[in-house]
Amino acid sequence: MTVFERPKALSDVATHYCPGCTHGIIHRLIAEALDELDLTGRTVGIAPVGCAVMAYDYFECDMIQAAHGRAPAVATGVKRAIPENIVFTYQGDGDLAAIGAAETLHAAARGEKITIIFVNNAIYGMTGGQMAPTSLPGQITQTSPYGRDVESAGYPIKVCELLATMNGTFYAERVSVNTVKNVRAAKNAVKKAFDYQNQGKGLSIVEIISTCPTNWGLSPQKSLDWLAQNMIPYYPLGVYRDRGAE
Amino acid sequence: MERVLMKGNEAIAEAAIMAGCRHFFGYPITPQTEVAAYMSKRLPKLGGVYLQAESEVASINMVLGASAAGVRAMTSSSSPGISLMSEGISYMAGCDLPAVIVNIQRGGPGLGGIQPSQADYFQATRSVGHGDFHVIALSPNCVQEMSDLTQSAFDLADIYRCPVMILGDGILGQMMEPVELRRIPERELPAKDWITSGTAGKRGHNIVNSLILKPEALEQSNFDRFDRYKLIEESEALCEEYMTDDADIVLAAYGAASRISKNAVLAARARGIKAGLLRPLTLWPFPKKNFAAAAAYAQAFISVEMSMGQMIEDVKLATECKKPVALCARTGGMVHSPDEILAKIISVNGGNYN
């Protein structure tokens with residue numbers, strides 16, 4: 001009896017992600033949600049610029065590769081053209097909260113009926129570990145070698161809190177994938193986000209607190225510990241908006 | 001057929017609707033805003049989508065998404081807004097996506113002014129964004145052509161899978177003329193088997209993408225795209241020849257400048273100077289053959305532009321500098337008078353090419 005297998009929505013290819021990176025888990029959760037809700041055939045995914053730039057090769061649904069930060073605008077165009085379909089973006093912190101902040105906020109303001117999967121690992125991964133809009137105060141990166149100084153570099157952006165203030169945001173939840181328990185909660189959140197979109201509700205976003213062992217300079221296990229000790233206190237997990245439950 | 005009085009910008013919008021465009025994404029900017037206003041009024045009643053984006057950066061990416069999903073989509077803007085769209089236009093070229101982009105040019109650089117200009121010629125014909133690519137650039141010079149060429153633009157975009165730009169200017173966009181809202185015959189279009197609108201479980205996934213990390217493969221994809229560009233250059237160049245049969249002095253002008261040039265040609269002929277006009281309707285591809293042929297009979301050329309000498313480079317290239325090419329330029333929102341073009345013709349006819 002098979003007890004564990006590759007979700008059908010996940011392509012049978014090797015990914016380029018570093019060992020210990022949490023992108024693989026998050027890809028799997030999306031694929032499981034698409035399988036369980038039977039959405040793959042009418043889903044269009046939008047890949048970002050960043051570590052997940054090649055996500056278009058990893059999902060069995062139709063995929064578009066967007067310019068840096070523009071995924072919510074591309075998703076808007078797709079969704080408005082084919083409103084019966086399911087559209088999701090997969091974005092990192094630099095893509096969503098820095099260069100794409102305007103596209104993100106306005107997609108939420110319009111209540112675009114799309115799902116945003118936001119991977120927050122507090123660093124630019126693809127370019128080799130620079131300070132991100134979500135890097136923590138004091139966090140050492142390639143471009144904050146003395147630690148993030150909030151006096152000059154400003155404060156990390158709390159995306160779920162921000163989007164929760166917008167009436168177009170139907171659902172915003174922050175989860176993590178650092179423990180089995182949290183992975184299960186993350187799965188429920190991802191599935192809920194797609195389910196809301198399938199019901200024609202407004203924008204749904206799941207922020208996933210993630211690791212970057214390579215650029216944090218930590219082992220995968222120590223990265224999970226660092227996440228629990230440093231990121232979750234700054235970025236508390238939980239539901240920030242759920243208009244389906246209000 | 002009945003003719004109606006319309007602004008150029010409105011004729012573009014109505015023509016797009018006639019061509020089956022039901023998705024418009026834009027951002028307000030003078031002097032093109034009538035396109036957006038017209039679409040915001042008409043499209044919802046046709047079951048279409050008018051969406052005012054948060055920026056030109058967003059609007060071009062919405063066009064990209066809608067195009068990838070398989071529908072005819074467009075945006076319109078004016079010079080500074082087109083600069084903001086350049087990233088998205090480059091991505092669309094790299095993804096081989098059709099779309100129609102309208103640029104109703106105003107004076108620049110920077111914020112410039114809001115009066116008519118043709119200073120975005122280089123931008124439209126060389127490269128609107130980064131990388132090796134072209135867009136087809138169409139140049140109407142009256143409201144009727146705003147309608148006809150906009151419809152052609154959608155066909156060209158679908159046939160060659162590339163962005164097509166309508167390069168107008170503030171005069172053409174704002175002026176009213178009688179126009180016959182005729183549907184020009186649609187060309188034979190290829191099937192859109194590449195779109196990302198859901199697999200429906202019936203095919204493998206489609207990917208719309210411009211990332212090609214292997215240099216050999218990226219080079220080959222550029223080679224393939226340029227094979228298509230060659231085909232476009234061979235078969236899609238359009239040029240109006242006005243009194244060129246016996247012309248000694250041949251003017252080159254497009255858009256609003258070409259209308260004034262026609263008056264100057266007539267005035268020159270009244271004085272016994274055999275002047276003529278070559279008017280490109282396609283700026284890319286530039287109608288090289290018309291200019292090469294004219295180089296055999298003309299004594300000299302004058303590039304009449306509302307810019308500081310941009311199209312003149314194409315005139316020199318197309319004529320292989322076989323004859324002198326003079327420049328008659330106004331810029332910054334200033335427009336030639338027929339008299340100053342006539343003065344230039346007289347000067348050039350007298351052998352002064354400066």
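## Burial and the model

A residue is called buried if 20 or more other C-beta atoms lie within 10 Å of its own, exposed if 12 or fewer do, and partly exposed in between, with C-beta atoms placed from the backbone. This is a predicted model, where local features need pLDDT of at least 70 and side-chain atom pairs count only at pLDDT 80 or more, while totals for chains, interfaces and linings use all residues. Residues are numbered from 1 along each chain as its sequence is written, and chains are lettered from A and ligands numbered from 1 in the order in which they are written.

A:Ala122 isn't a glycine, yet its phi is near 60°, a positive value. A:Ala122 counts as buried because it has 27 C-beta neighbours inside 10 Å. Look for A:Ala122 in the loop between strand 4 (115-120) and helix 5 (150-153) of chain A; helices (H or I, at least four residues) and strands (E, at least two) are DSSP runs, numbered from the N terminus.

Over in chain B, B:Asp96 has a positive phi too, near 55°. B:Asp96 sits in the loop between helix 4 (79-94) and strand 5, and with 18 C-beta neighbours inside 10 Å it counts as partly exposed.

## Two cis prolines in chain B

B:Gly108 and B:Pro109 are joined by a cis peptide bond, with omega about 5°. B:Pro109 belongs to the loop between strand 5 (99-105) and helix 5 (121-125) of chain B.

Another cis bond links B:Trp284 to B:Pro285, with omega about 0°. Here the proline, B:Pro285, is in the loop between strand 13 (282-284) and helix 10 (288-297).

## Helix 8 of chain B

Helix 8 is hardly covered: zero of its 21 residues count as buried.
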